[in-house]
Structures are given as structure tokens and as C-alpha cells.
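Let's take a friendly walk through a protein fold, one piece at a time. Have the picture open beside you and follow along.

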Amino acid sequence: MTLTDMHVKLRQAAPADLPIVLDLLTRCGLHTSSVDLGAGTYWIADLDGVPGGCIGLEHGQGVSLIRSTAVVPEARGQGLGRALVRSALTHASLRGDRTVFLFSSEAGDYWARFGFQPSSAADVAGALPDVPQVRSGLSKGWIDEELVWRLDLPQPEVTQG
């Protein structure tokens, strides 16, 4: 069965969805220690009513951090990850973000397809010092070992009336 044969629904995660998000991340081999659904906006992709993927967006002032992007192995390669990323980027744009960051050591080619460029730990720490994933990286010392990616979002043109 392909994704096109399934009913796909993206929904915003509620606090009660934390166990679902943690399970999806664990199944995909991703870290869960600093996941806090109350510190940003998270989405879950349900496939025929079964959670198949998730993504999070931690917010700062005019900038956000994509995190916890996961698609279960059996649902990969069918566009589900792309739908989750586009949802997060649209949300970031609508909230007026100028820049979106993320950490990714293994999937840089994937993020480059969305226009992300390499950045630095100093850039993300300066822009988002108070979001859970950056705080975790700073306190546990892993932030300088991670690859940081950055996307500058197009800004709406201001017209004079």
C-alpha cells in the first residue's frame, strides 16, 4: 500500500500527545530528552489514523528551530516528511519568522532541498538561546559537535499606500 492509497492527516499535537511523539522519535532512533510540546508547535502525521511521523518547531523572536522530524521507516519515501516540513515552514512564515534553524548531522542533503544552508552553533545559540533543544545542547556540550542549518525565509514586500 502506498501513501497515496492511505488517508493522511496532519494535526497539531496537544500536550496529551507527548507519548506519541516520544514513541515516534524513539522508533526513528532520535533523541527525546529535551522534547517539550509546550515550548513550541508540534505536528503529528496520522496515516489511516495511526501516527506515522512528527515535527516540532520551537519559537523565538522572529526565528524558529525545526526539531524532532521523524517518519517511521515503513512510511518513508512517499512525501510524508516533505509535508511535515512544509507545514512547519508555512507556520514559521505565518508567524513572521525571518529565519528557521535546525540541527542535522546525517540529513544535510535532505534539508538542502528545502533551501537550508550550513550555519554555526554560535548563530543558533545567539538567535534561540532559550528554546529547549539549544539549552540542552549548551548545557550538555553537544551543540558544537552538531551541524547547524539555516533557512532565511522570504519576507513579504511592504507596499506604500
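How many bridges join β5 to strand β7, and do they run parallel or antiparallel? Five bridges join the two, and the strands run antiparallel. Keep in mind as you look that this is a predicted model.

Strand β7 covers residues 148–152, and you can find its W149 opposite L102 of β5. Another partner of β5 is strand β4 (residues 63–71), which is joined to β5 by four bridges and runs parallel to it. Here V63 stands opposite T99 in β5. To see how the chain gets from β4 to β5, look for helix α2 at residues 80–94. Together, β4, α2 and β5 make a right-handed β-α-β unit.

Now move to strand β3, residues 50–59. This strand is mostly covered, with seven of its 10 residues buried. Strand β2 (residues 40–47) pairs with β3 in the antiparallel sense over eight bridges, and L47 stands opposite V50 of β3. The hairpin made by β2 and β3 has two residues between the strands, and D48 takes a positive phi near 50° there.

What does β3 form with β4? The two form a hairpin with three residues between them, and G62 in the turn has a positive phi of about 75°. β3 and β4 pair in the antiparallel sense over six bridges, with L57 standing opposite I66 in β4.

## A helix with a buried side

Next, find helix α1 at residues 18–27, where V21, L24 and L25 are buried. These three cover an arc of only 95° around the axis, which puts them on the same side of α1. The face turned away from that buried side carries the exposed residues P19 and T26.

What do the buried residues of α1 pack against? They pack against β2, β3 and β4. Just after the helix comes G29, which takes a positive phi of about 75°.

## Zooming in on C54

Is C54 buried or exposed? Its relative accessibility is 0%, and because buried means under 20%, C54 counts as buried.

Leaving aside neighbours within four places in sequence, C54 is in contact with residues including V21, L24 and L25, which are buried residues of α1. Its other contacts include W43, I44, S68, T69, A70 and L84. C54 and L24 are 30 residues apart along the chain, yet their C-alpha atoms are separated by 7.2 Å.

The UniProt record, an unreviewed entry, places the feature "domain: N-acetyltransferase" at residues 8–154. Over residues 8–154, the chain is 31% helix and 30% strand. The end C-alpha atoms of this stretch are 28 Å apart.

Definitions and conventions: Residues numbered from 1 in each chain as written. Predicted model: local features only at pLDDT ≥ 70, side-chain atom pairs only at ≥ 80, totals over all residues. Heavy atoms only, no water. Pairing = 2+ DSSP bridges. Right-handed = clockwise from strand over helix to strand, strands pointing away. Buried < 20%, exposed > 50% of the residue type's maximum accessible area, 1.4 Å probe, protein only. UniProt positions renumbered as here; feature names shortened; annotations may be inferred. Arc of directions from axis to C-beta. Contact = heavy atoms within 4.5 Å.
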